[in-house]
Amino acid sequence: MISATRQLRRDLETDPTIVDRLAAAKRIPLTDGTTTTFLYRGEADEVLLRHFIYGLPTTQRFERIGGTDVWSCVMELPERSRVEYKIQVTRNGQSQLIRDPLNPRLARDPYGANSVCHGPGYETPAWTIADEEARPGTLAPLTLERTVFGEPRHVTVYEPPRFRPTRRYPLLIVHDGEEFVEYANLKVVLDNLIYRLEIPPMIVALTQSPRRLDEYAASEQHARFIGDDLLPRLESEYPLLPDPSARGLMGASFGAVAAFSAACHEPEAFGRLLLLSGSFAFSDIGDDHGRSPAFDPVARFVNAFRDTPRRVTDRVFLACGTYESLIYENRSLLPLLQSAGMEVRYREARDGHNWMNWRDRLREGLAWLFPGPLWLVYE
Amino acid sequence: MDPMPPIVLLGPQRLRPMLREAAEAIGGPARIAAITGGWEERELEDDELTQHFDGPVVNLRLHHRLETMLADDPELMRHLHRRQDRLQRRRDLYHIRLAHALDAARELLRLPGTHRDLEAAREDAIRTVHAIDDHHVERVQDLDRAFKEDFDVGARPALAYHRQELAEMLGACDAIAIAGGHVGRLLEQLRLFDLGAALGARPVIAWSAGAMALGRRVVLFHDAPPQGPGDAEVHDVGLARYDGFLPLPHARHRLRLDDPVRVGLFARRFAEVRCVAMDEGARLLVTEDGLQHATGCRWLQPDGTVVDTPATSGAPA
């Protein structure tokens, strides 16, 4: 029996306009089981697929179909994969990296946007999409005029729907908070999960750093900012539950390092950690951690923790994409956290180092760290 | 014996309120007692609620009364906390037994075929779940009896005062409206303030958790929680103000109504009652003659299907 992929190639040889119809139907890239076919239409000397899957060659070559201007590239993508990519088109010796013109699905990030391919079985979670039934929380600015950095810092605070000063709330401090709102739909996710009773109404402080590669790299100054500047200010401004089990830190990439190192700086102050694709570089011997110099202080911090693991919090939700290079570091951290007596839930997803991956982990992570009254409340 | 006053059970009221129609269905009461204790600290934010009724609405403030009373009576608070801890321990044990029994039942229901041996195994598995539910209910009731014998809450002066005041307030009302919210807290308030008799003597409108609390058993449910397999559980006995129905508010969000195995298992597990999906727009009118009117409801069937109720009246056979 001829496969759908081979049949498509044959059909395209005789009728290249099939591509346009498939694009109009938003079916590109095409999936046939775990076989995914990327398509490009246009004159070119060479077309390459540049994806962000660590473990595969960064580029895959498109092949021209017959004498047409249609190019195809076939990849095997395991179930529930989600892949971000661009297409590199070379024409007359000039190369250009573009988003897939035949695929409207995009994922934005601070550097722009990538095209997105959903493998078989992957669906955008419903709880990440704005629900008009969900009451919205509000974002309020908060300025800390004097900080350990010697300069003001601006924080945005998510106040849950129906916020009341007479009630007490759990607290979550999020590193790179504005990016989480902008690129991972964090506000929508919070509104939805609170509406669905999967997490309790909570105060979420969204922090930013103007020098994140320095401050988030396990810097003691940042940890003091969290513990000595931000936390007391939030306690004075908001009715917060005092128990560590109602206080958490969250971050992704270097933000996860910042969250973990701040927790280490103030053991037991934060009972909940949500660490996504943490940049937990380390070396087993010597100083070569295999990454850029920006990771040097991170590796010193992680190496120190590996030498003497200690309990710094109650629960850690740790997650990483299997298509990112940091999977090794995150897998390595798991047994250390467990051996130190922390309760850890670890999740891997077939995704890369990106905001959509981190968005997709939020429901399980938040609901496990801060369980809502789902079973008992029927409004 | 006086006839049983009518009771109207409703789905969630936030997006499509039906309180005015419900009030008309029970004769348009002049003065209504409102119970919003399931909303906990938001109990008194009942402006929206009162706008749906023509006459005055008196909020019984059960949450506030309980909080104040416990703050003033540490001994009573300790007693209630002890009871809650014991209940929770029993629930934890129930969950362990239930999880295995439901796993087995679901696995058997998912097997293809309908041959006699398989059907018998399925029946046995569901009977086992049923027995675990029954056993849990007995244990909860045993515990209640033991705590009542051990500690006479009715003798606490503050509680006696509140009960008396509530009886007087209810005496001046023609009907009672019970809102949704936290069903555990609501049940505790209704029991502690001894409102069972008052609820049996007046027309009642109840929605979501309010409707659940008035049934014979309170069943908690969610087919797709962020953690765990989503095993529905019998939480407690209810006030048994009506019988024959198990209202399932927010069913379209909380239940996988397109999964015949889960729907069928749910309906067969609670076969002694009709399992009623009650979303926005759902209404049941029950009198002493049984169900008088159902609209916007869906019944979960033992064969795994979900049947819309005709908008006019009556239940399917």
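How many residues does the contact take from chain A and from chain B? It takes 20 residues from chain A and 32 residues from chain B, where contact means heavy atoms within 4.5 Å. This is a predicted model, in which local features need pLDDT of at least 70, side-chain atom pairs count only at pLDDT 80 or more, and totals for chains, interfaces and linings use all residues. Residues are numbered from 1 along each chain as its sequence is written, chains are lettered from A and ligands numbered from 1 in the order in which they are written, and side-chain values use heavy atoms, with hydrogens and water left out.

- The area buried between chain A and chain B is about 2,200 Å². Carbon and sulfur atoms give 52% of that area. Buried area is the accessible area (1.4 Å probe) that two parts lose on being put together, summed over both.
- On the chain A side, Trp375(A), Tyr378(A) and Glu379(A) lose the most area to chain B. Together they account for 39% of what that side buries.
- The rule finds 4 salt bridges across the interface of chain A and chain B. A salt bridge is a side-chain nitrogen of Lys or Arg within 4 Å of a carboxyl oxygen of Asp or Glu.
- Glu379(A) and Arg42(B) meet through their side chains in a salt bridge, at 2.8 Å from N to O.
- Across the interface of chain A and chain B, 18 residue pairs are in polar contact, both residues being at pLDDT 80 or more. A polar contact is a pair of N or O atoms within 3.5 Å; within protein, one must be able to donate a hydrogen and the other to accept it, and residues adjacent in sequence count only if both atoms are side-chain atoms.
- Helix H10 (355–369) and strand S19 (377–378) of chain A each supply at least two residues of the side that touches chain B. Helices (H or I, at least four residues) and strands (E, at least two) are DSSP runs, numbered from the N terminus.
- H10(A) gives the largest share of that side, 4 residues.
- By class, the side of chain A that touches chain B has 10 nonpolar, no polar and 10 charged residues. Ala, Val, Leu, Ile, Met, Phe, Trp, Tyr, Cys and Pro count as nonpolar, Asp, Glu, Lys and Arg as charged, and the others, Gly among them, as polar.

**Strand pairing**

- S19(A) runs antiparallel to strand S5 (residues 181–182) of chain B, and 2 bridges join them. Two strands pair if DSSP finds at least two bridges between them.
- Val377(A) has His182(B), in S5(B), as its bridge partner.
- Within chain A, 4 strands form an open sheet with antiparallel pairing, in the order S1-S2-S6-S5.
- Strand S1 (30–32) and strand S5 (63–64) of chain A stand at the edges with a single partner strand each, so one side of each is left without a neighbour in the sheet.
- Strand S2 (residues 35–41) and strand S6 (residues 70–76) of chain A run antiparallel and are joined by 7 bridges. Thr35(A) has Glu76(A), in S6(A), as its bridge partner.

**The two domains of chain A**

- Chain A is divided into domain 1 (4–118) and domain 2 (126–369). Domain bounds come from an automatic or database domain assignment.
- The centres of these domains, taken over C-alpha atoms, are 35 Å apart. Their contact takes 14 residues from domain 1 and 15 residues from domain 2 of chain A.
- Domain 1 and domain 2 of chain A bury about 1,200 Å² between them, 51% of it on carbon and sulfur atoms.
- Tyr54(A), Arg82(A) and Arg108(A) lose the most area on the domain 1 side, together 49% of what that side buries.
- The rule finds 2 salt bridges across this interface of domain 1 and domain 2 of chain A. Arg108(A) and Glu182(A) meet in a salt bridge of 3.4 Å, N to O.

**The two domains of chain B**

- The domain assignment of chain B gives domain 1 (7–70 + 153–308) and domain 2 (73–150). Their C-alpha centres lie 22 Å apart.
- In chain B, 24 residues of domain 1 are in contact with 31 residues of domain 2.
- Domain 1 and domain 2 of chain B bury about 2,600 Å² between them, 53% of it on carbon and sulfur atoms.
- The rule finds 8 salt bridges across the interface of domain 1 and domain 2 of chain B. Asp134(B) forms a salt bridge with Arg217(B), with the closest N and O atoms 2.7 Å apart.
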